[in-house]
Amino acid sequence: PLAPLRQSAEKKGIASRHWTLTERLDGTGAQRIGATRRTRGAVRMVYVLNDSPPAGQPVPDKQGLQITDVVSLEIQIGTGSNADTQILKIGLYGESTPTLVGEMKELCANGIVTSSDLLLGAPVRLGVGGQMTYIRPEQRVDFGVPSQRIAYAKAMRQTKAPEEFVPQKRPDGKFDACKNEKTSRPHNVAGLLSVPKGGIGFGSSSIPVKDDDAYSSCFQITASSSSDADKEERKVIGQLIDSKSMELLARLSSIPTRKALPMQSGGSPLIKTVVNDCVVESVSDLLESK
């Protein structure tokens with residue numbers, strides 16, 4: 001049976017760890033969220049339907065800012081036969097925030113390296129172990145690498161990383177340069193790429209920060225205007241650049257969340273959403289290829 005509200009599936013998903021949630025767009029383009037639970041050999045299923053696909057907001061106006069590079073993220077929503085893969089395209093403001101954009105390009109290309117000895121570690125790369133780690137519904141989504149150890153083990157096709165594995169530390173050497181770089185614009189529309197005021201690697205709220213999960217919240221994408229992000233002195237360094245990406249953002253920000261406490265306004269996604277790959281291209285190269 002179809003339930004009228006998505007929240008009913010969310011409640012069922014939160015009620016028991018044995019519930020599995022899936023999300024897809026059906027033939028009409030409507031967003032369908034399924035909740036299944038296997039009990040004593042029987043499968044119980046609930047489908048919740050949003051009558052229309054989540055509406056993407058307009059692509060942000062560049063306001064005179066120059067996009068120097070384009071990052072394409074291959075996003076996989078769900079797992080197995082229910083998985084759906086989409087592309088999220090982000091333009092970077094390389095002229096107005098060169099240091100922060102440089103970090104973003106490292107994260108999405110060859111990876112961030114802070115250790116001088118890679119024999120015991122690996123670069124932090126969004127395309128290896130990257131996930132959507134947090135959702136504040138219809139307000140923002142966070143992406144990062146929750147665990148460098150798990151990412152390394154997965155990349156090496158091992159059950160776990162070796163004991164001698166050394167995670168990359170936060171890029172302390174760039175902290176002052178990143179902190180002093182001003183935001184390109186306020187967080188006043190949906191579709192803006194936002195990083196912590198100290199740069200990538202300084203977004204974790206846990207104190208003290210463990211090296212392994214230092215990159216669990218590398219950047220956020222606004223799903224609406226966010227005065228809180230401005231108060232936190234976060235920096236806008238780019239934006240989504242096409243309508244399909246804005247539609248995907250609306251879809252991502254509407255995925256049900258796992259809340260640690262009932263009063264929390266957001267949480268980790270109940271439907272696993274990962275970054276399979278990421279590609280960085282300069283605008284000049286893109287123009288030459290045409």
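**View 1. Salt bridge between Arg 251 and Asp 84.** In this predicted model, the side chains of Arg 251 and Asp 84 form a salt bridge with an N to O distance of 2.9 Å; a salt bridge is a side-chain nitrogen of Lys or Arg within 4 Å of a carboxyl oxygen of Asp or Glu. Arg 251 belongs to helix α6 (residues 243–252) and Asp 84 to strand β6 (residues 84–92), so the contact ties together parts 167 residues apart in sequence. Helices (H or I, at least four residues) and strands (E, at least two) are DSSP runs, numbered from the N terminus. Arg 251 is buried at 4% relative accessibility, whereas Asp 84 is partly exposed at 22%. Buried means under 20% relative accessible area, exposed over 50%, and partly exposed in between (1.4 Å probe, protein chains only). Residues are numbered from 1 along each chain as its sequence is written. Local features need pLDDT of at least 70 and side-chain atom pairs count only at pLDDT 80 or more, while totals for chains, interfaces and linings use all residues; side-chain values use heavy atoms, with hydrogens and water left out.

**View 2. Two salt bridges of helix α2.** A search of the whole structure finds seven salt bridges, among them the pair Lys 105 and Asp 69, at 3.4 Å from N to O. This pair links distant parts of the chain, with Lys 105 in helix α2 and Asp 69 in strand β5 (residues 69–77), 36 residues apart. Asp 69 is buried, with a relative accessible area of 6%; Lys 105 counts as partly exposed at 30%. Another of the salt bridges joins the side chains of Glu 106 and Lys 174 at 3.0 Å, N to O. Because Glu 106 lies in helix α2 and Lys 174 in the loop between α3 (148–155) and α4 (175–180), the pair ties together parts that are 68 residues apart in sequence. Glu 106 is partly exposed, at 31% relative accessibility, and Lys 174 is partly exposed, also at 31%. Side chains of opposite charge can pair when their charged atoms come close.

**View 3. Cys 108 and Cys 278.** The whole structure contains zero disulfides, a disulfide being a pair of cysteine sulfur atoms within 2.5 Å. For Cys 108, the nearest cysteine sulfur is that of Cys 278, 4.6 Å away. For Cys 278, in turn, the nearest is the sulfur of Cys 108. Cys 108 is buried, with a relative accessible area of 0%. Cys 278 is buried as well, with a value of 3%.

**View 4. The largest nonpolar core.** This core has 41 residues, and Leu 73, Phe 219 and Ile 221 touch the most other members. A nonpolar core is a set of buried Ala, Val, Leu, Ile, Met, Phe, Trp, Tyr and Cys residues joined through side-chain atoms within 4.5 Å. Helix α2 (residues 98–108) gives the most to this core, with five residues. A second, separate core has five residues, including Leu 65, Ile 67, Leu 192 and Val 236. Leaving aside neighbours within four places in sequence, Ile 221 is in contact with residues including Leu 88, Ile 90, Val 141, Phe 143, Leu 240 and Leu 249; contact means heavy atoms within 4.5 Å. In soluble globular proteins, nonpolar side chains tend to be buried together.

**View 5. Thr 222 in strand β10.** Thr 222 is found in strand β10 (residues 219–222) and is buried, with a relative accessible area of 3%. The Thr 222 side chain reaches the backbone oxygen of Val 189 at 2.7 Å. A polar atom of the Thr 222 side chain also lies 3.0 Å from the backbone nitrogen of Leu 192.

**View 6. Helix α3 and the residue after it.** Gln 148, Ala 151 and Ala 153 are buried in α3. Just after α3, Arg 157 takes a positive phi of about 60°.

Note on methods: Polar contact = N/O pair within 3.5 Å; in protein donor to acceptor, adjacent residues only side chain to side chain.
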